[in-house]
Amino acid sequence: MTTTPPAKTPPVKTPPAKTEVGSYFIANYPPFSQWSRDQLGEVEAAMGAPPTAVPLGLYLHIPFCRKRCKFCYFKVFTENKASDIETYVSALSREIELVSQLPVMGGRPIRFVYFGGGTPSFLSSRQLTSLVDRLRASIRWDQAEEVTFECEPGTLSESKIKTLRELGVTRLSLGVENFSDAILSENGRAHLSPEIYRAWDWIRNAAFPNVNIDLIAGMVGESWDNWKDSVRRAIDLAPESVTIYQMELPFNTVYSQDILGNKIETPVADWATKRAWVDYAFDEFLAAGYHVSSAYTMVRDPHKVNFSYRDNLWQGSDLLATGIASFGHVSGVHYQNLPEWNAYIQPLLNEGRLPLGRALRPTDHQRLIREMILQMKRGFLDAGYFRRKFAVEILDDWAEAWRQYTAEGWLAVEGDRVQLTRQGLLRVDALLPAFFEPEHRGVRYT
């Protein structure tokens with residue numbers, strides 16, 4: 001296998017000091033803006049072919065929320081009637097039925113499942129049980145290593161948490177974000193801090209194997225004092241893992257639209273401040289016995305918490321994406337479902353076909369880049385992995401990037417191992433575009 005290495009192109013610089021409108025977090029490659037309807041035939045062909053020998057995961061998008069957060073860029077709906085939810089659950093169940101019949105399934109067991117949103121916990125216990133019962137008529141995840149379910153604290157009840165445990169959820173992810181009621185309100189969160197603590201008692205009593213809480217560094221109104229208090233409160237809860245994101249401003253958020261409309265100045269902390277806050281949090285969690293698992297994640301026990309969803313995706317597994325606007329990857333082809341309500345619902349309920357919206361078949365070189373940049377988020381790379389899988393010497397092909405990043409103090413190279421320093425890890429998403437192909441540097445990401 002040969003590649004066209006961008007060896008002499010200088011790395012992309014770190015972002016401006018200010019948090020400007022645009023995507024910062026990198027979740028895939030090539031950029032989503034490069035996917036198109038013109039390549040739908042590629043994903044249809046991939047779905048109709050026998051599977052490759054890679055692990056299989058399932059993503060289910062539940063797009064309902066009590067409120068839309070001002071920083072949210074996901075496909076969500078608010079003020080939903082029970083009939084809307086029933087229509088959506090019926091469509092999602094039909095989609096799972098169609099997916100279960102695809103040749104690409106090939107009898108493979110589902111290794112990991114992820115219920116994301118939106119707010120999956122917006123559904124009632126009855127609705128959740130009905131959904132899972134219908135899904136299990138077509139597909140099962142009894143052998144899954146991990147079943148993750150995202151929750152918003154204010155949508156939980158003791159009975160709903162028991163239902164989730166009974167339905168086989170092994171990893172609960174609680175969207176805390178911050179412990180200050182003033183900051184939660186300013187940023188449009190639906191919950192307040194009393195709901196966090198009320199839900200936490202129920203969650204602990206249910207004895208999930210893994211409970212994660214999310215925090216966001218740099219929410220509007222954040223200060224050093226508040227951030228330190230949020231970190232302390234998170235440590236006091238002692239979750240199995242904590243995920244800390246640095247606030248960004250993708251184009252379709254409420255805050256971004258206000259900025260672009262010249263209604264407000266950028267209200268989010270600058271990048272240097274956000275990195276300092278995450279750096280502080282890492283130190284505090286390390287002192288409390290946690291371990292760094294990625295640029296965003298700390299875990300209490302690395303032998304117990306392994307993140308099947310993350311680790312499999314970052315090594316090229318298949319992900320069958322279901323639900324409105326959801327993103328997937330099958331047999332080397334990226335794809336996304338249609339993002340509008342009727343466009344998603346009608347093909348499923350009226351025509352019995354999948355609501356595919358756009359796709360892209362990456363080249364072998366692009367697949368290599370995707371795995372390399374995603375795995376860098378762990379804080380290290382093994383050049384031998386890429387040599388064995390892609391027959392490529394990444395240390396030679398991107399020699400200039402490694403040299404510059406080493407000189408900046410962001411990583412070190414020893415033998416086959418690339419090891420990011422703490423400062424490199426804190427800005428890892430800003431480092432990744434240096435490894436993009438030249439035509440993808442500077443293009444809109446989404």
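These legends walk through a few views of one predicted model. Because the model is predicted, local features need pLDDT of at least 70 and side-chain atom pairs count only at pLDDT 80 or more, while totals for chains, interfaces and linings use all residues. Residues are numbered from 1 along each chain as its sequence is written, and side-chain values use heavy atoms, with hydrogens and water left out.

View 1. Helices (H or I, at least four residues) and strands (E, at least two) are DSSP runs, numbered from the N terminus. With 446 residues, a compact globule would have a radius of gyration near 22 Å, so the protein's 21 Å agrees. That radius is taken over C-alpha atoms, and the globule rule is 2.2 Å times the number of residues to the power 0.38. Of the 446 residues, 56% count as buried, meaning under 20% relative accessible area with a 1.4 Å probe, protein chains only. Take the contacts (heavy atoms within 4.5 Å) with a separation of 6 or more: 76% of them join residues 24 or more positions apart.

**View 2. Helix H4 meets helix H6.** Two packed helices are described by the angle between their axes and the distance between the axes. Here H4 (residues 158–166) and H6 (residues 193–206) pack at about 35°, with axes 9 Å apart. The axes are lines fitted to C-alpha atoms over the stretch in contact, and angles run from 0 to 180 degrees between N-to-C directions. The crossing is right-handed, that is, the near helix is turned clockwise from the far one by less than a right angle. From H4, look for Glu-158, Ile-161 and Arg-165; they meet Ala-199, Trp-202, Ile-203 and Ala-206 of H6.

**View 3. Val-305 in its loop.** Val-305 turns up between strand S8 (297–299) and helix H10 (308–313). Its relative accessibility is 6%, so Val-305 counts as buried. Beyond its neighbours within four places in sequence, Val-305 is in contact with Asn-210, Glu-240, Ser-241 and Val-299. Ala-359, 54 residues away in sequence, is 33 Å from Val-305, C-alpha to C-alpha.

**View 4. Ser-308 in helix H10.** Ser-308 counts as buried because its relative accessibility is 3%. Leaving out residues up to four places away in sequence, Ser-308 touches Arg-111, Phe-112, Glu-145 and Glu-146.

Conventions
Buried < 20%, exposed > 50% of the residue type's maximum accessible area, 1.4 Å probe, protein only.
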